[in-house]
Amino acid sequence: MRRSLEVSEKTGTDHVSECLLNVVCPHLSPRQLFEDLTELTLMAEAGGFSTVWIGEHHAMEYTISPSPMPLLAYLAAKTTTIHLGAGTIIAPFWHPLRVAGECALLDVISNGRMKVGLARGAYQVEFDRMAGGMPASSGGQALREMVPVVRALWQGDYAHDGDIWKFPTSRSPTHPCGSPPATPTRTTSPSPTAATSWSRH
């Protein structure tokens with residue numbers, strides 16, 4: 001069995017430890033991989049980590065996570081303090097209404113422990129299958145358009161007429177816990193995995 005636990009530590013006035021979990025092994029059943037992921041998350045919480053991040057990948061045996069949301073919702077019921085991060089949601093593969101609703105619901109389920117990263121994506125093999133062959137390098141357009149749309153949907157009624165998505169007046173069926181709602185923080189890295197993340201402030 002191979003377990004991958006990537007740890008990122010940030011130091012300063014506050015000490016924050018975060019971990020990105022990938023559990024991969026072609027010789028184990030999906031159920032065993034799921035149980036290993038749960039075990040690693042509980043270990044991270046017991047060890048004082050602030051956040052666990054789970055990614056999104058398609059059409060490849062890279063993780064057991066075609067969507068981070070079901071896993072994070074399950075882990076919310078198993079944990080009490082660790083923040084739960086979708087790292088990341090690939091913007092070109094999602095609709096803004098779905099992102100707003102599912103992220104907000106995760107925050108409700110976890111009682112305010114949601115963290116969500118939005119990214120433009122990186123692997124062409126995924127774009128060929130999930131986005132009709134769109135060049136992976138074009139994913140940033142979806143990311144830039146999605147961020148303000150999700151923010152607006154969390155505030156109330158909103159209609160959108162963009163280059164990628166168009167929809168009449170709508171609102172998210174729920175919104176993040178607390179007031180104000182979770183605030184997006186943009187990352188300006190030129191990397192193909194450049195992301196925007198939401199966390200509670």
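How many of the 201 residues in the protein chain are buried? Buried residues make up 48% of them, where buried means under 20% relative accessible area, exposed means over 50%, and partly exposed is in between (1.4 Å probe, protein chains only).

Before you start clicking, a word on what you have open. This is a predicted model, in which local features need pLDDT of at least 70 and side-chain atom pairs count only at pLDDT 80 or more, while totals for chains, interfaces and linings use all residues. Residues are numbered from 1 along each chain as its sequence is written, and side-chain values use heavy atoms, with hydrogens and water left out.

**Stop 1: the whole chain**

Switch to a cartoon view and look for five helices and nine strands. Helices (H or I, at least four residues) and strands (E, at least two) are DSSP runs, numbered from the N terminus. Trace the chain from that end and the elements run β-β-α-β-α-β-α-β-α-α-β-β-β-β.

Now turn on a surface. The accessible surface comes to about 10000 Å², and 54% of it belongs to carbon and sulfur atoms; these areas come from the Shrake-Rupley method with a 1.4 Å probe, and for residues only the protein chains shown count as cover. As for contacts (heavy atoms within 4.5 Å), take those with a separation of 6 or more: 61% of them are between residues 24 or more positions apart.

**Stop 2: helix 2**

Select residues 68-78, which form helix 2, and show the side chains of its buried residues: Pro68, Met69, Leu71, Leu72, Leu75 and Ala76. Look down the helix axis: these buried residues fall within an arc of 160 degrees, so they line one face of helix 2. That arc is taken from the directions from the helix axis to the C-beta atoms.

**Stop 3**

Zoom in on Gly87 and Thr88. The peptide bond from Gly87 to Thr88 is cis, with omega near 15 degrees, and Thr88 sits in strand 4.

Next, pick Ala59, in the loop between strand 3 and helix 2. Phi of Ala59 is near 65 degrees, a positive value in a residue other than glycine. Ala59 counts as exposed, at 54% relative accessibility.

Then hop to the loop between helix 3 and strand 5, where you'll find Asn111. Asn111 has a positive phi of about 60 degrees although it is not a glycine, and at 64% relative accessibility Asn111 counts as exposed.

**Stop 3: salt bridges**

A salt bridge is a side-chain nitrogen of Lys or Arg within 4 Å of a carboxyl oxygen of Asp or Glu. The whole structure has four of them, and the tour visits some.

Select Arg98 and Glu102: their closest N and O atoms are 2.9 Å apart. Both residues lie in helix 3, four residues apart, about one turn of the helix. Arg98 is partly exposed at 38% relative accessibility, and Glu102 is partly exposed at 27%.

Now try Asp157 and Arg171, with closest N and O atoms 2.8 Å apart. Asp157 lies in the loop between helix 5 and strand 6 (158-161) and Arg171 in the loop between strand 7 (166-170) and strand 8 (183-186), so this pair ties together parts that are 14 residues apart in sequence.

Another pair is Lys166 and Asp161, at 2.7 Å between the closest N and O atoms. Lys166 is exposed at 56%, and Asp161 is exposed at 65%.

**Stop 4: Glu145**

Finish in helix 5 (residues 139-155), where Glu145 is located. Is Glu145 buried or exposed? Glu145 is buried yet has no salt bridge, and the nearest side chain of opposite charge, Lys166, is 7.2 Å away. (Lys and Arg count as positive and Asp and Glu as negative; His and the chain ends are not counted.)

What lies around Glu145? Leaving aside neighbours within four places in sequence, Glu145 is in contact with His160, Gly162, Asp163, Ile164 and Trp165. Zoom in on Asp163: its backbone nitrogen lies 3.3 Å from a polar atom of the Glu145 side chain.

Note on methods:
Polar contact = N/O pair within 3.5 Å; in protein donor to acceptor, adjacent residues only side chain to side chain.
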